[in-house]
Amino acid sequence: MSLKLIDAKNLKKSFGEFTAVDNIDLNVQRGEVVGFLGPNGAGKSTTMKMLTGFLEPDSGDILINNIDLKSEPLKAKEFIGYLPEGAPSYSDMEVSEFLSFIGKMRGINNNQLLNARLDEMANQINLKEVWNKPIETLSKGFKRRVGIAQALIHDPDILILDEPTDGLDPNQKHEMRNLIKTISSNKAIVISTHILEEVEAVCSRVIIIANGKLLANETPESLGNNLMQNNILSITTSSKINNATLKNIKSTLNYSNIKLEPLSKTSSKILINEKDKTIDLNKIVTQLKKHKITVTEAGFLKPNLDEIFRKITQDKKIID
């Protein structure tokens with residue numbers, strides 16, 4: 001059985017009368033990349049600060065690699081690399097100086113090992129061109145990369161990254177996603193992001209919160225399947241279909257909601273939308289063949305992550 005590197009239960013945090021996080025459970029196993037999503041003010045950053053020991057929850061328990069974060073904070077934090085919102089640093093330090101300092105603070109006291117880790121960060125995070133520059137002179141993208149490097153310098157088992165690609169250009173974002181995928185096999189990674197394509201690219205599970213409450217905790221694929229209220233079949237044909245042929249097909253198949261979308265002079269798309277009836281693809285293809293219509297592509301449509309996010313956060317259906 002896989003070890004839960006993060007196991008948080010019944011987390012609650014309030015600021016005065018405002019409840020930022022309301023009774024959330026969250027666990028992450030080694031090898032998982034969990035996308036942590038929610039609207040602005042949902043409680044994402046507050047939750048991440050509690051998971052890393054920067055904020056103490058009002059109630060609830062957090063185990064980091066089976067170590068109680070409250071009773072043994074220093075021991076638990078040895079396993080965590082954290083990129084907070086804004087990636088704070090000592091701006092007057094050079095990049096190499098800052099990362100060397102962080103490495104030593106993280107317990108890398110062997111100079112040979114520290115130098116090896118610094119070389120790896122310079123290459124892995126692409127920091128060579130700014131290695132000897134003061135952090136305050138760097139662009140937002142490079143400052144973000146320095147923040148990621150300080151989270152990785154001690155090679156932690158757990159990475160908690162708040163908006164890791166914020167400020168990066170498209171090429172840098174691609175590099176960062178590849179890095180996350182490369183290192184994810186032996187780590188537990190939590191990524192807070194507003195970029196839904198990022199979740200689809202790197203995450204094996206999605207957690208969605210709103211108003212401090214947990215709304216969803218599933219794989220991206222399962223989220224889509226669960227939100228498919230209707231079966232929607234899309235069929236592309238290499239033949240143009242006229243209205244008379246469509247009417248004949250409708251009467252034969254006995255589906256109430258069939259729409260035709262012309263794609264070109266020689267092709268069409270048929271959309272069959274049924275809420276309570278199973279759609280038999282083989283039967284449909286057979287009937288189309290009888291009309292000498294060739295099917296080139298067929299498949300059931302699923303909502304994309306944007307649609308899933310909007311529906312879940314607007315419906316606010318809470319997981320028990």
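Glutamate 94 is partly exposed, because its relative accessible area of 30% lies between the limits for buried (under 20%) and exposed (over 50%), taken with a 1.4 Å probe and protein chains only. The model is predicted, so local features need pLDDT of at least 70 and side-chain atom pairs count only at pLDDT 80 or more, while totals for chains, interfaces and linings use all residues. Residues are numbered from 1 along each chain as its sequence is written, and side-chain values use heavy atoms, with hydrogens and water left out.

**Around glutamate 94**
- Glutamate 94 sits in the loop between strand 6 (80-83) and helix 3 (95-105), where helices (H or I, at least four residues) and strands (E, at least two) are DSSP runs numbered from the N terminus.

- Four strands form an open sheet in the order 2-1-4-5 with antiparallel pairing, two strands being paired if DSSP finds at least two bridges between them.
- Strand 2 (18-29) and strand 5 are the edge strands of this sheet, each pairing on one side only.
- Strand 4 and strand 5 run antiparallel and are joined by two bridges, and isoleucine 64 stands opposite isoleucine 67 in strand 5.

**Two asparagines with positive phi**
- Asparagine 10, found in strand 1 (residues 4-15), has a positive phi of about 55° although it is not a glycine, and it counts as partly exposed at 39% relative accessibility.
- Asparagine 65 lies in the loop between strand 4 (59-64) and strand 5 (67-68); this residue, also not a glycine, has a positive phi of about 50°, and at 18% relative accessibility it counts as buried.
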